[in-house]
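Please look over the sequence and the model below before reading on. The report that follows takes up a sheet, a helix and a single residue in turn.

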Amino acid sequence: MFDALFNYIENYAKSNLSADDKKLIEQTFKLRKLRKRQYYLQAGDINKQIGFVLKGAFRMYSVDDRGHEHIVRFSLENWWVADYESYMLQTPSKYNIDAVEDAEILIISNTQREELQTQIPAFADMIKELDKRANIATQNRVHAAISLTAEERFNNLQNTYPYFLQRFPQSMIASYLGISPETLSRIRKASVGR
């Protein structure tokens with residue numbers, strides 16, 4: 001069950017975990033199972049744990065006054081799931097996070113994460129790399145949202161995360177891209193015709 005997390009840490013840390021490191025990680029992370037459509041987090045709650053996805057898919061979204069969902073993030077296997085602002089600052093979340101498929105995640109609290117960072121150098125290295133990549137991904141997402149056309153956003157998604165198109169319904173992809181399902185359908189038909 002922990003092999004995917006160990007591999008992830010070692011891949012991003014570029015160093016190996018000792019047997020003691022692995023044992024401490026196993027003692028710290030807890031397994032949580034969620035059913036399809038079950039909430040991991042609801043808006044207004046504080047995100048007390050971050051989860052490493054072993055199996056399944058998640059979406060993070062807000063709902064506006066008219067009841068429209070605005071998806072800001074997807075998470076799949078070997079990704080992390082959390083509202084980072086709520087998790088790091090321990091403030092109420094603006095977002096809902098729910099399972100799009102039946103899921104299994106390994107969860108850890110912010111305090112536990114900080115303890116592991118001080119005790120396991122590879123874990124600390126992985127967190128630094130994760131933070132760096134998250135900042136870059138956020139910057140790219142903002143740039144796409146304010147600078148690219150709907151078609152360019154779709155092409156960017158198709159090139160960067162093609163598996164999203166297989167794992168998430170078209171309505172969720174449209175919400176993630178900030179376009180209507182009809183616009184997405186038109187763009188997809190046009191891209192197939194090329």
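In this predicted model, 4 strands form an open sheet in the order 1-8-3-6 with antiparallel pairing, where two strands count as paired if DSSP finds at least two bridges between them. Its edge strands are strand 1 (30-34) and strand 6, each of which pairs on one side only. Strand 3 and strand 8 pair in the antiparallel sense over 6 bridges, and Gly51 has Ile107 in strand 8 as its bridge partner. Helices (H or I, at least four residues) and strands (E, at least two) are DSSP runs, numbered from the N terminus.

Residues are numbered from 1 along each chain as its sequence is written. Because the model is predicted, local features need pLDDT of at least 70 and side-chain atom pairs count only at pLDDT 80 or more, while totals for chains, interfaces and linings use all residues; side-chain values use heavy atoms, with hydrogens and water left out.

In helix 1 (residues 3-13), Leu5, Phe6, Tyr8, Ile9, Glu10 and Ala13 are buried, that is, under 20% relative accessible area with a 1.4 Å probe and protein chains only. Their cover includes helix 2 (19-28), strand 3 (49-55) and helix 5 (121-147).

Ser75, in strand 5 (residues 69-75), counts as buried because its relative accessibility is 3%. Two of its distances are listed here.

| Pair | Distance |
|---|---|
| Ser75 and Ala57, C-alpha to C-alpha | 5.7 Å |
| Ser75 side chain and Trp80 backbone oxygen | 3.0 Å |

Methods: Buried < 20%, exposed > 50% of the residue type's maximum accessible area, 1.4 Å probe, protein only. Contact = heavy atoms within 4.5 Å. Polar contact = N/O pair within 3.5 Å; in protein donor to acceptor, adjacent residues only side chain to side chain.
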